[in-house]
Amino acid sequence: MTNTLDTILLFLGAGLILVPVFNRMGFGSVLGYLIAGVLLGPHGFGLFKDVEKSMHLAEFGVIFLLFLIGLEIQPMKLWEMKKRLVTLGMFQIALCTVIICGALLYFMDISMGLALIIAFSLSLSSTAFALQTMEEKNEFQTEYGQGAFSILLSQDIAAIPILAIIPIMFAKEGEPFTGALWLFPVVLIGLIVTSRYLIRPLFRHLAASHSREVFTASALFIVLGVAALMMNIGLSAALGTFIAGVLLAESEYRHELEANIDPFKGLLMGLFFISVGMGVSVELIVARPVALLGSTLAYFLLKWGLIYLVGRLNKMNHAVSSKMGFTIAQGGEFAFVILGIVLQLNQVTHAAAEFLVAMITLSMLFGPFLEKAIQFAKRMTPNTLVDEPKFDVIKDENPQVIIGGYGRFGQIFGRILKAQGIPFVAIDQDSNQVDLVRRFGNKVFFGDVTRLDLLRSAGAEKAKYFVLAIDDVDESLKAAGIIQQHFPNLTIFARARNRGHAFDLLEMGITKIKRETFDSSVNFVGDLLVEMGMEQERANNIAHRFQTHDEHMLLEQVKVRKDEKMFISLNTQGNAQLADVLNEESTKSYI
C-alpha cells in the first residue's frame, strides 16, 4: 500500500472505532475525532510524525466547511435574521473580543493589533462542533439552538473579512498582500457577474444530463477553482470557498448540490478534527498542566459567562442562556486558521501558537465533560432545585394512532377515535392538562413526544398515523423532525398555529396540515353572510372557493417565502385572482 492509502485507512479506522464509543457515551462524534487525532499524532502513538503535512487534510476540511456554510446563507435569510445576528451574534463577538483582548494585554507582551486579532479568534466558536452536537441531540429547533445558530452564523460572517484583513494588516511594505487588496473587490464583482450569467446557465445545462456525478464534479470544480484564484491573488482560500458557497446558494439547484455533497460533509469534518487533534502537544500538557488546564478552564468559563449574559440581555431565560453558553463556549476551527496565518507571518512564536491551539482544542474536549459532570452531580444531589419530570411509563400499547398534545385540538381527535373504537395513545407534556382530562375518564399519558424511548414504548414503530397537536411551534417542529427521521412508517397529521408554522411544516415534507383557526373562521364567515341576507348555497360556495384558493396560495407561497420581492408579487396576484373568483360567485344565479 502507498503511504497515502495507509494514511486514509488509519484516519478512517480510528474514526470508526472511537466515534461510536463517544456517541454512545453521549459526548458526540466530534470529540471522538479529536481523541483519535491525539492518539494518531506524534504526541500519541506517533503513527504520524509530520503534523504540518497532515494539516493539509485539515485545510481541505475547512474549505468544504466554509463552502457548506456559504451554501446555507442567502441574502433573504440573513435579512430575516438581522435582529438576532446583531443583538446576539455581533454583540457576543464584540463583548468577548474586548474582554479577552484586555486579558491578553495584561498577561502577554504583545501589540494592541495582535491582541485584538487573537482575542477575536478566541471569541469564535466551533460551528462544526456545535451544529453536529445539536443535530445529534435533535435540539436545533429549540430556542437555545436557534440562538446558538444565530451567534455561530454571525461569527462565520465576521471571520471572513478578518481572514482577508490579517495578511494585509501585518504585511511589510512591498509584499504582495498590500497590492492584492485592490484586486479583491474586482474579483468579487467578477464572481457575482459570473454566478448570474455563467454558473446558473451552466447548471441548467448540466441538469439536462440527469447525472449526479456531473453536479458533484461541477461543485467541486467551482469551490476549488475559486479557492485557487483567491490564493493566487494573495488572499485566503477560505474566503474564496465561502464566496463560492454564497454564489451557489442563489442557484435554484442549491438543494440538489447539497444532497450530492452532504455525504462528504461528515467525513471531511472528521478528517479536519482528526488533524486538529494531531496538533495537540501532549508533552506541553504534561510539562505545563496547571497553566494549560487553568487557562482552558478560565477561557471556557469566561466565554460561557459572557454568552450567558448576552442571552439574558436578549430576554432568554436562565436555562436557555446557560445551555446556549455550554454549546458554544468552546474555541472554533476559525481560530486555528487565524493562528496559522499569524504564525506564518511571524507575529507570534511557535510556542505561543502551540499553547493557544492546545487551549482551544482542550476547550472542545472540556465542554462535553463539564456538562456531563454537572448532569451527574444533579442526579446525585437529592435536593436538586429543578427535578427531572417523572414521565409515565407506557407499556404494551398497540395503537393505530398516536396523538402528541392533548389540548383543545388533540382532544377532538381522541373523542372521535374513541367513539369509533380505533385504538390510540394520547401523550401530553403538561401535567396539569393530563390531570384535568383524566378526571373526565380519558386515558392520556404524561410524557414528551420528542423522546425516542417514549415514542418507541408508545408503539410508534407499529402505528400508522401521528397527530401532531402540540401548541408550541418549536416543539412541534422538533417532534416532526424526530418522527420523520426515526419513524417513516407514521403519516403525520399536523396542527399549524399560523401560516408561518404551516410553511415550516411544508418545507419538512409534511402535507397533511390544518391551521387551527382557519376552517372555523371560514365557516363562521359563511354564517355571517347568511345572516346578512345571502342565500345559504351562495355563502357556502363563497366560503369553499375562498378556502380552496387560500390552500393553493399556501403551497405556492412556501416556494418563494425566502424571496420577499417574489412573495409580495405572488400575494398581490393572488389577491387579484381571489377578488375575481369571489365576484364571479357573487353574480352567479341560483334561481
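Reader: At what angle do the axes of helix α24 and helix α25 cross?

Author: In this predicted model, helix α24 covers residues 518-531 and helix α25 covers residues 536-557. Their axes come within 9 Å of each other. The crossing angle is roughly 150 degrees.

Reader: Are α24 and α25 roughly parallel or antiparallel?

Author: Angles over 145 degrees count as roughly antiparallel. The axes of α24 and α25 cross at roughly 150 degrees. Therefore α24 and α25 are roughly antiparallel.

Reader: Which residues of α25 make the contact with α24, and how do the contact residues divide by class?

Author: From α24 come F518, D519, V522, G526, L529 and V530. They meet Q536, A539, I542, A543, F546, Q547, D550 and E551 of α25. The residues of this contact divide into eight nonpolar, three polar and three charged.

Reader: What is the angle between helix α5 and helix α8?

Author: Two packed helices are described by the angle between their axes and the distance between the axes. Helix α5 spans residues 82-107 and helix α8 spans residues 143-169, with their axes 8 Å apart. Their crossing is right-handed. The angle is about 65 degrees.

Reader: How many charged residues are in the contact of α5 with α8?

Author: On the α5 side are R84, L85, L88, G89, M90, Q92 and I93. On the α8 side are E143, Q146, G147, S150, I151, L153, S154, Q155 and A158. By class there are seven nonpolar and seven polar residues, and the number of charged ones is two.

Reader: Helix α8 also packs with α6; are these helices roughly parallel or antiparallel?

Author: Helix α6 (residues 112-123) packs with α8 at an angle of about 150 degrees, and the axes are 11 Å apart. In passing α8, α6 makes a left-handed crossing. An angle over 145 degrees counts as roughly antiparallel. So α6 and α8 are roughly antiparallel.

Reader: How many charged residues does the contact of α6 with α8 have?

Author: G113, I117, F120 and S123 in α6 meet Q155, A158, A159, I162, I166 and M169 in α8. Seven of the residues in this contact are nonpolar and three are polar. The count of charged residues is no charged residues.

Reader: Is T327 buried or exposed?

Author: T327 has its place in helix α16, which runs over residues 318-328. Its relative accessible area is 9%, and under 20% counts as buried. So T327 is buried.

Reader: Which residue has its backbone oxygen 2.8 Å from a polar atom of the T327 side chain?

Author: Leaving aside neighbours within four places in sequence, T327 is in contact with A130, M134 and Y144. The 2.8 Å distance instead involves a backbone oxygen. That oxygen belongs to K323.

Reader: What is the distance between the C-alpha atoms of I328 and F300?

Author: I328 is also placed in helix α16, and at 0% relative accessibility it is buried. Beyond four places in sequence, I328 is in contact with S125, A130, A148, I151, L152, K303 and I307. I328 and F300 are 28 residues apart along the chain, and their C-alpha atoms are separated by 9.4 Å.

Reader: Which residues are in contact with G240, leaving aside its neighbours within four places in sequence?

Author: G240 lies in helix α12, residues 237-249. With a relative accessibility of 0%, G240 is buried. Its C-alpha atom is 9.9 Å from that of I222, 18 residues away along the chain. The contacts asked for are V226 and M230.

Reader: What is the phi of K315?

Author: K315 is in the loop between α15 (289-313) and α16. K315 is exposed, with a relative accessible area of 79%. Most residues other than glycine have a negative phi. K315 is not a glycine, yet its phi is positive, at about 65 degrees.

Reader: What percentage of the 591 residues in the chain is buried?

Author: The secondary structure of the chain comes to 26 helices and six strands. Of the contacts between residues at least 6 apart in sequence, 72% join residues at least 24 apart. The buried share of the 591 residues is 47%.

Note on methods. Residues numbered from 1 in each chain as written. Predicted model: local features only at pLDDT ≥ 70, side-chain atom pairs only at ≥ 80, totals over all residues. Heavy atoms only, no water. Helix = DSSP H or I, 4+ residues; strand = E, 2+ residues; numbered from the N terminus. Buried < 20%, exposed > 50% of the residue type's maximum accessible area, 1.4 Å probe, protein only. Polar contact = N/O pair within 3.5 Å; in protein donor to acceptor, adjacent residues only side chain to side chain. Contact = heavy atoms within 4.5 Å. Axes fitted to C-alpha atoms, helices over the stretch in contact; angles between N-to-C directions. Parallel < 35°, antiparallel > 145°, perpendicular 65-115°, else oblique. Nonpolar A, V, L, I, M, F, W, Y, C, P; charged D, E, K, R; others polar. Left-handed = near helix turned anticlockwise from the far one by under 90°.
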